[in-house]
Amino acid sequence: MKRCLILIGNEGKASNGSFLPGVSKDLEAYENFFRSDNGGAWGSSEIATRRIGWTSLGLKNELLLRRMEEGGLDYALIVFSGHGYAERDGEPMFELSENDVISLSAICSFLPVQKMLMIADSCQGYLNESLAKASSELRQFSNNLNTMTRDRKREIYNRQIERMGYRSKVFASAVRTGEYAGDTSQGGRYSRALLDAAKTLKLGGNPDTLYNIDLVHAIAADNVSYETHDKQHPTVTPASGIEFPPFVVV
């Protein structure tokens with residue numbers, strides 16, 4: 001199983017009031033979780049080293065190089081934290097930098113036959129309304145289990161990727177189209193709720209039990225909707241297939 005994890009953050013700039021101090025914490029927490037045995041036991045060679053300062057061309061090239069490696073690429077997990085918006089037709093857009101914006105469909109086109117899960121903690125307000133800020137600060141996960149346990153959980157995680165439909169693309173978003181990802185003193189609600197849900201399942205589940213993104217997302221989405229008094233509605237949208245990507249292995 002050849003897979004890659006790409007973490008993308010756009011912190012904005014303090015000079016124009018768009019700086020998001022929680023983005024770096026967001027990416028650090030996601031990486032700690034995915035490196036852990038329960039998060040799929042991702043190895044260093046599977047994780048792109050760049051986190052801030054991505055460009056559309058850089059992302060395309062990174063995925064192309066991964067696809068060209070020996071054995072190819074089977075699965076990509078992409079996480080975005082920062083500013084975003086939606087076109088009037090509902091197309092999610094992600095601001096990789098001040099002058100570089102990329103659409104969800106463009107990202108999918110970089111992975112023509114690969115399976116993909118993209119998680120985005122960003123606004124999807126329409127373009128002329130996209131002034132809301134979104135920042136995230138997530139809890140840490142430990143990575144202290146032994147190698148035998150890690151290999152077993154990695155195998156369970158990979159088996160679910162293999163069950164996903166051919167060319168399957170899944171997009172998990174903090175909001176519906178037209179909504180804004182609210183900010184709190186603890187960080188972005190969706191990312192925090194998503195990883196908190198995974199932590200709760202990890203603590204309460206039976207050993208070697210796998211929970212896919214749709215179930216973890218459902219728990220997080222309910223909590224976010226409740227916290228925001230039904231103003232923010234996280235969504236998860238599979239583009240094809242009936243099997244969802246894995247998220248946490250107990």
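In what order do the three strands of the open sheet stand? The legends below take up this sheet, then a helix, then the cores of a predicted model.

**View 1. Strands β3, β4 and β5 form an open sheet.** The order is β3-β4-β5, and the pairing is antiparallel. β3 (84–86) and β5 (100–103) are the edge strands. Each has a single partner strand, so one side of each lacks a neighbour in the sheet. From one strand to the next, the twist averages 30°.

**View 2. Strand β4 (residues 92–97) pairs with β5.** Four bridges join the two strands in the antiparallel sense. Look for Met-93: Ser-103 in β5 stands opposite.

**View 3. Helix α5 covers residues 189–204.** How far apart are its end C-alpha atoms? They are 22 Å apart. The helix has 16 residues, and at 1.5 Å a residue it should span 22 Å, so the two values agree.

**View 4. Helix α5 has buried residues that pack against other elements.** Among the buried residues are Arg-189, Tyr-190, Leu-194, Leu-195 and Leu-201. Ser-191, Arg-192, Ala-193, Ala-197 and Ala-198 are buried too. Their packing partners include the helices α1 (23–35) and α6 (213–227). Strands β6 (115–121), β7 (169–173), β8 (210–212) and β10 (246–249) are partners as well.

**View 5. The largest nonpolar core holds 43 residues.** Which of them touch the most other members? They are Phe-34, Leu-77, Ile-119, Leu-194, Val-216 and Phe-247. Helix α5 gives this core its largest share, seven residues.

**View 6. A second, separate core has 22 residues.** Ile-8, Leu-63, Ala-76 and Phe-171 are among them.

Note on methods:
Residues are numbered from 1 along each chain as its sequence is written. This is a predicted model: local features need pLDDT of at least 70, side-chain atom pairs count only at pLDDT 80 or more; totals for chains, interfaces and linings use all residues. Side-chain values use heavy atoms; hydrogens and water are left out. The expected span of a helix is 1.5 Å times one less than its number of residues. Buried means under 20% relative accessible area, exposed over 50%, partly exposed in between (1.4 Å probe, protein chains only). Contact means heavy atoms within 4.5 Å. Two strands pair if DSSP finds at least two bridges between them. Axes are lines fitted to C-alpha atoms, for helices over the stretch in contact, and angles run from 0 to 180 degrees between N-to-C directions. A nonpolar core is a set of buried Ala, Val, Leu, Ile, Met, Phe, Trp, Tyr and Cys residues joined through side-chain atoms within 4.5 Å.
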